[in-house]
There are 2 protein chains.
Amino acid sequence: MSALEKEFLAYLHEIDAYRELITLAHWDLRTKVPKKGVETRSQAIGILSAKVHELQTSDRMKHFIDELKSTETDKITQKAIEESELIYERNHKIPQDEYKAYVTLQSQSEAAWQEAREKADFQLFQPYLEKLVDYNKKFSNYWGYKDHIYDALLNQYEPGVTTKMLDDVFPALRKSLTDLLQKVTEKSTDTNSSVVLGHFPKNNQREFAVHVLKQMGYDFEAGRLDDTIHPFEITLNLQDVRITTRYDENDFRMAVFGIIHEGGHALYEQNINPELARTPLASGTSMGIHESQSLFWENMIGRSRDFWRTNYETFKQYAPDFLQALETEQFYKAINTVSPSLIRIEADEMTYPLHIMIRYELEKALISDEIKVKDLPELWNKKMVEYLGVEPENDGEGVLQDIHWSSGDFGYFPSYALGYMYAAQFNHTLRQQLDVEAIVQSGDFTPITTWLKEHIHQYGKMKKPLELLQDITNESLNPDYLVQYLTEKYSEIYGF
Amino acid sequence: MSALEKEFLAYLHEIDAYRELITLAHWDLRTKVPKKGVETRSQAIGILSAKVHELQTSDRMKHFIDELKSTETDKITQKAIEESELIYERNHKIPQDEYKAYVTLQSQSEAAWQEAREKADFQLFQPYLEKLVDYNKKFSNYWGYKDHIYDALLNQYEPGVTTKMLDDVFPALRKSLTDLLQKVTEKSTDTNSSVVLGHFPKNNQREFAVHVLKQMGYDFEAGRLDDTIHPFEITLNLQDVRITTRYDENDFRMAVFGIIHEGGHALYEQNINPELARTPLASGTSMGIHESQSLFWENMIGRSRDFWRTNYETFKQYAPDFLQALETEQFYKAINTVSPSLIRIEADEMTYPLHIMIRYELEKALISDEIKVKDLPELWNKKMVEYLGVEPENDGEGVLQDIHWSSGDFGYFPSYALGYMYAAQFNHTLRQQLDVEAIVQSGDFTPITTWLKEHIHQYGKMKKPLELLQDITNESLNPDYLVQYLTEKYSEIYGF
């Protein structure tokens, strides 16, 4: 290894040291910090984040990239250079004064959005959103794109996936999902989710969920589980991958399925090849692939009949009396009910992608100047009726429900729907190669985790999302697997 | 405020941002981190700590100091310059290659000490300790001193206190303490500490201790209490001052008095003038003054008869059956027993300073070349017999018991004894000015905290330790108050 290559790796380790301590500070802010400590902590995060930005866009970084790109280096180094160049270009193309003004706007906008949502008053947020959209259009032009301006934004979260690809798959997927939904709605008297609701002590929920995390192969010596308000997975380093959850003592589903979901994210990170540690490659390859891992575990394993046949007796050891009386089958159906609703994060797996399509269509139209910010509430409500058959009573439960736009995150939402499609596509291949039924019935799910590690997790950012998909499933993005999975599962549950 | 002064303050805020996130990483390492995450976290801490060192000794810092020293600035800025200059000089005077070699030696020595202590084999540690002593002698000469080489080391932890001052007070204090101890030993059949030992569930201990912390005025919105192995107080920022403790379910004294002790440290930091925030002045002024605050609360309040008269009924609400039967008086005597023992951290308040004097005399003699490292075990054991009348059976419970020397901390131990003397001296003045008995009986100790804040806490590092002592008590260091406090308390308990 050349002296320059070693120097470059040491430079990446330096950047990663900042990343690790800043990440820890974020974890602490969301799980442990006392109220009054927040302000100074946030200032410290701001100062050190600016240092990271400096290191990522320095002349020294440019020198490493230019020199090492054309040199024979280790394969990991080569990928790390490519990733560093992406980050360099992305940051460097934005003039520094615009970047600073944008960071300020982001925090102001989040505060404005919070207030607007509480008061269900879109006009309070509108001027901020207009500026955020303008900045994102400007940035997209700085970054450049081939076919569609929205590609530049999408590319931040799902490199390689284009607006065209989404426009190719979403309409057909929408048609299939609304058809399925129609069938479910006709039969909806058959299932009842309320039978699983009732008081279930937090500690018991936690103990059962820990049991499941262990079945999945989550390594508690390389992670931990804490309480928070908005659950997340967070990677401090590859051997310290933490998850968080929130408990509703009257609805165990929030924490139990939430923990399985975050556990799916965590397995991805815990199983990345240790040789990638302390480089920008030591992370999931995209938001969508990450989401495929959490959704696979949450829905395709955690809400499967096999899972509950295996775990129901154990579950009952922790569950309160009212659940003791339920048969596995009744329980299984109750945790798999479908019903159109207003709030994305409360949606079931069949209606969820429809929520995403609404956001995708609106933000694409905003960025390409086809609609105006002021028209959003009306358009939102119209689409909700059209796609889901429900109408918000106010903007708080409508267009203002999600935080993403307030922090300028355009191009992010599609990853959620991509995650469902990827998950179903991986699930299909996995079940061809492994006897998932037998594995789940054995109560030790690690053969599944090992398969995911071998095919997905280990690579970190060494493979791009569509490359990974192609290598594993021998085809590109195909929404049919999601439709097939949902049709098989729900036709059986609802009997159509 | 001049542009340069503003720039300097921003520079201090930058250093403080690093300090805050590194401190958080230390807190996490000692309370939350999963086992496997430690290695990478430690590397990250190392990288960012080196950055802090760079910032503190940079040409830019030198420029700020030189320019601002002779300029009219805000008083806080002036003190911040003085403090920054001390840090600059201390770090700058050591050649960089020696500093690096020393940091490596420190971590090797800690590992060697751990093994040596476990095996009770001093020879395993001896070569490391010899090098550490050599470095500390060298550093002392770089730093310089007026009268005694040991002053240079002492000055790191207790600025202004000299070897001469310690040599003036320690012999008389030793004589008084051994006389007192003699009297106690003659009467020792009268008290029995074992009556307070027995199973006391952790959560109940915690709830009672939280009750006491609230009485003291500890602000839980600006701090939190966690579990750890070696308890400590840690300041992330002035509004996030955390304490930790360890529970022994068979001896509640460890956690309850430990929490009061750490709470005393925490009150100091929570009550520093917010105008000093994010500068090197936003911390206790010395190790000894810090220890005076923890010892005052732990012993002079927490182990007082008034405290237990007030709190015993509350305590019983949390305490197990075997404690319900004890009278307050019997309980009070049981938690105030005196008995010479081998281990410093388990010593009572009367014998504790004797443990410190032994270490002080040995390290002073090491640094001034009067004794050799290889002779330490023998000298240690001899002094233990001479000062405390007990003899270690091996070096593990003797000369190897403390971690300090293994990390090169020479000059630190005296602060513990100074803390006792300061505490007694402050306690004397405080009781002249406040009706402490009435305050403690009221169950709301905040008038005491307010007094401490006004006279000690608020100043942070704005006043040096002896300046603080003089301003409050109108005299310099005077060990008589400690002797007087111990004599009054224990003559009454032991009846001599």
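Chain A can be laid on chain B by a turn of 180 degrees and a shift of 0.1 Å along the axis, with an RMSD of 0.1 Å. That is the relation of a two-fold axis. In chain A, the C-alpha of A:Leu21 is nearest the axis, 3.1 Å from it. The superposition is by least squares on the C-alpha atoms of residues with pLDDT of at least 70 in both copies.

This is a predicted model: local features need pLDDT of at least 70, side-chain atom pairs count only at pLDDT 80 or more, and totals for chains, interfaces and linings use all residues. Residues are numbered from 1 along each chain as its sequence is written, chains are lettered from A in the order in which they are written, and side-chain values use heavy atoms, with hydrogens and water left out.

Now the interface. Of the interface residues of chain A, 100% are also interface residues in chain B, so the copies meet through the same surface. A:Thr40 gives a local view. A:Thr40 is found in helix α2 of chain A, residues 38–56. A:Thr40 is buried, with a relative accessible area of 16%. Buried means under 20% relative accessible area, using a 1.4 Å probe and protein chains only. A:Thr40 touches B:Glu20, B:Asn237 and B:Arg278, not counting residues up to four places away in sequence. Contact here means heavy atoms within 4.5 Å.

Next, the fold of one chain. The secondary structure of chain A comes to 21 helices and three strands. These are DSSP runs, numbered from the N terminus: helices are H or I with at least four residues, strands E with at least two. Three strands of chain A form an open sheet in the order β1-β3-β2, with mixed pairing. Strands β1 (225–227) and β2 (233–237) of chain A stand at the edges with a single partner strand each, so one side of each lacks a neighbour in the sheet. Three bridges join β1(A) to β3 (residues 240–245) of chain A, and the two run parallel. Strands pair if DSSP finds at least two bridges between them. The bridge partner of A:Asp226 in β3(A) is A:Thr244.

Last, the interior. Buried residues make up 58% of the 496 residues in chain A. The largest nonpolar core has 127 residues, and A:Phe252, A:Trp297, A:Phe315, A:Phe331 and A:Ile448 touch the most other members. Such a core is a set of buried Ala, Val, Leu, Ile, Met, Phe, Trp, Tyr and Cys residues joined through side-chain atoms within 4.5 Å. A second, separate core of 125 residues includes B:Leu132 and B:Phe170.

Note on methods
Buried < 20%, exposed > 50% of the residue type's maximum accessible area, 1.4 Å probe, protein only.
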